[in-house]
Amino acid sequence: MANLRSLTKHFICACQLLLLLQAKVFCSQYKVGDLDAWGIPTSANPQVYAKWSKNHSFKLGDSLLFLYPPSQDSVIQVTEQSYNSCNLKDPILYMNNGNSLFNITKPGEYFFTSGEPGHCEKKQKLYIAVLSGNGSAALAPSYGPSALPDTASSPSYTTVFGNIPQPPSSSPSLGFPLLVTAVIASATWGIINAMI
């Protein structure tokens, strides 16, 4: 009888562990530009960063990895106004080690460009929108006459820096499934103990 009780405890613990292991880590690291890395876009793909950011959904906890030769380039985070005018003065953040990692800790809009003069004008710049707690995201600003068709008329939004980051609504909440698992496991354990 005690052996059956011990086996049952181990079985329930194993089931709970398996349910917990099924919960995925919802943070990702994105290599900016994928295979193109961080550099001046080629004439064959001048909108590489606009296209790249459109194909990714960023959320709190994600990070951006900028890879580039440190002797030839850098990355700066700038305001929307500096992004649109390619103003490299007074960046919010300056990274120049060639292996720069930017962690997304707040919802809102983020603007990046190369810190090297002339690179921003050649479209070496990146805009991303990070989902807020209600799941909304801002649209990409216009890149001028050579903009992608569906972003050319997008409105421009002010930079948003929230005080308290909220998890994006698109990621599943682990609280409810864990609570349900705990209640089911407790009820099962109570029933098995009552039967034994």
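How many of the residues of strand 7 are buried? In the predicted model described here, strand 7 is mostly covered, with 6 of its 6 residues buried, where buried means under 20% relative accessible area, exposed over 50% and partly exposed in between (1.4 Å probe, protein chains only). Residues are numbered from 1 along each chain as its sequence is written. Because the model is predicted, local features need pLDDT of at least 70 and side-chain atom pairs count only at pLDDT 80 or more, while totals for chains, interfaces and linings use all residues; side-chain values use heavy atoms, with hydrogens and water left out.

The protein contains 4 helices and 7 strands; helices (H or I, at least four residues) and strands (E, at least two) are DSSP runs, numbered from the N terminus. Along the sequence these elements follow the pattern α-β-α-β-β-α-β-β-β-β-α. Of the 196 residues, 36% count as buried. The accessible surface comes to about 11,400 Å², of which 61% belongs to carbon and sulfur atoms; such areas come from the Shrake-Rupley method with a 1.4 Å probe, and for residues only the protein chains shown count as cover. A contact means heavy atoms within 4.5 Å. Among contacts with a separation of 6 or more, 71% are accounted for by residues 24 or more positions apart.

Strand 7 is covered on both faces: Lys125, Tyr127 and Ala129 are buried on one side, and Leu126, Ile128 and Val130 on the other. Strand 6 and strand 7 pair in the antiparallel sense over 6 bridges, two strands being paired if DSSP finds at least two bridges between them. In this pairing, Glu109 stands opposite Ala129 in strand 7. Strand 5 (residues 99-103) has a covered face, formed by Ser100 and Phe102, and an uncovered face, formed by Asn99, Leu101 and Asn103. Strand 2 and strand 5 also pair in the antiparallel sense, over 5 bridges, and Leu67 stands opposite Asn99 in strand 5.

In soluble globular proteins, nonpolar side chains tend to be buried together. A nonpolar core is a set of buried Ala, Val, Leu, Ile, Met, Phe, Trp, Tyr and Cys residues joined through side-chain atoms within 4.5 Å. The largest nonpolar core has 20 residues, of which Leu64, Phe66, Ile104, Phe112, Leu126 and Ile128 touch the most other members. At least two residues of this core are supplied by each of helix 2 (48-54), strand 2 (63-67), strand 6 (108-114) and strand 7 (125-130). Another core, of 6 residues, lies apart from it and includes Ile76, Val78, Tyr127 and Ala129. When residues up to four places away in sequence are not counted, Leu126 touches Val32, Trp38, Tyr49, Trp52, Ser53, Leu64, Phe66, Tyr83, Tyr110, Phe111 and Phe112.

A pair of aromatic rings is described by the distance of the centres and the angle of the planes. Rings of Phe, Tyr and Trp (its six-membered ring) pair if their centres lie within 6.5 Å; planes under 30 degrees apart count as stacked, over 60 as edge-to-face and the rest as tilted. A search of the whole structure finds 10 aromatic pairs. The rings of Trp52 and Phe58 have centres 5.6 Å apart and planes at 45°, so this pair is tilted. Trp52 is buried at 4% relative accessibility, and Phe58 is buried at 2%. The pair of Tyr83 and Phe111 is likewise tilted, because the ring centres are 5.1 Å apart and the planes lie at 55°. This pair links distant parts of the chain, with Tyr83 in helix 3 and Phe111 in strand 6, 28 residues apart. Both Tyr83 and Phe111 are buried. One aromatic cluster is formed by Trp38, Tyr49, Phe66, Phe102, Tyr110 and Phe112.

The structure holds 1 disulfide, identified as a pair of cysteine sulfur atoms within 2.5 Å. The disulfide joins Cys86 to Cys120, with an S to S distance of 2.1 Å, and is left-handed, with -70° about the S-S bond. Cys86 lies in the loop between helix 3 (80-85) and strand 4 (93-95), and Cys120 in the loop between strand 6 and strand 7, 34 residues apart. Cys86 counts as buried at 13% relative accessibility, and Cys120 is buried at 1%. Cys27 counts as partly exposed at 42%.
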